[in-house]
Amino acid sequence: MQLMKLARDLERRLEQLVEGVAGKVFRGTVHPAELAARIVRESDLVRREGPVGAVAPNEFAIHLNRRDIAALTGAGPIDRELERVIEITSVARGWRLEGPARVWFESDSAVSAGMIRVKATEAPGRRPPWARLIGAGVEHTVVFNRCLVGRSSEADVSLLVDSVSRRHALLWQEDDQAWVCDLGSANGTFVEGVSATSPTPIESGQLVAFGATGYLLQIA
């Protein structure tokens, strides 16, 4: 139900964009909402299971007939709206993106009018933080969805504390909610003193403890 609502909201947003920008009438044979649905479908097909869960592609080259590209780019910043689709979908479904969402159009003579060809890839890059862990005199930014917290230098958030295991816990967003789950650490993970041995919801401003050290979670 949540994903159906997400799809409807995205489609409505894109329709309003192309109908309202500068009073232009969209006349292309490929509708932006169709592109959004295709991107989400492609993400679902090619996503992979990484060490901390589902990793989805973040870059999309959309091959279209040149006439369809002209109609799309004349209707407004469709590429930016499609990038927003990728970001919103990844949060709604709990997918990790290794870099910022990017969408661009490529004119392809082999693609007939009304047809769509999508090439999806993973590309690492800088992402804005979606949360912060504040405590023990330091502040750690949480950049990736499905963020690995641990003492290892390979962790997304590296906590150099003896009571923290190398792969201690997972922190992520899914279905409009932030979650934390212990990964079998030696000293446990706790939300406001309650053990998070299974996926546990956590709100901005709550205290999460990894082992003996507590941090205030602040969601952007």
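Contact, in this tour, means heavy atoms within 4.5 Å. The structure is a predicted model, in which local features need pLDDT of at least 70 and side-chain atom pairs count only at pLDDT 80 or more, while totals for chains, interfaces and linings use all residues. Residues are numbered from 1 along each chain as its sequence is written, and side-chain values use heavy atoms, with hydrogens and water left out.

**First stop: two helices**

Select helix 2 (residues 32-46) and helix 4 (residues 78-93); helices (H or I, at least four residues) and strands (E, at least two) are DSSP runs, numbered from the N terminus. Their axes come within 10 Å and cross at roughly 40°; axes are lines fitted to C-alpha atoms, for helices over the stretch in contact, and angles run from 0 to 180 degrees between N-to-C directions.

Next, display the side chains where they meet: Pro32, Leu35, Ala36, Ile39, Val40 and Asp44 in helix 2 touch Ile78, Leu82, Val85, Ile86, Thr89 and Arg93 in helix 4.

Now select the open sheet, whose 5 strands follow the order 9-8-10-11-14 with mixed pairing; two strands pair if DSSP finds at least two bridges between them. Strand 9 (157-158) and strand 14 (200-202) each have a single partner strand, so one side of each lacks a neighbour in the sheet.

Move to strand 8 (residues 147-150), which pairs with strand 9 in the parallel sense over 2 bridges. Here glycine 150 stands opposite serine 158. Strand 8 also runs antiparallel to strand 10 (residues 169-174), joined by 3 bridges, and valine 149 faces alanine 169 there.
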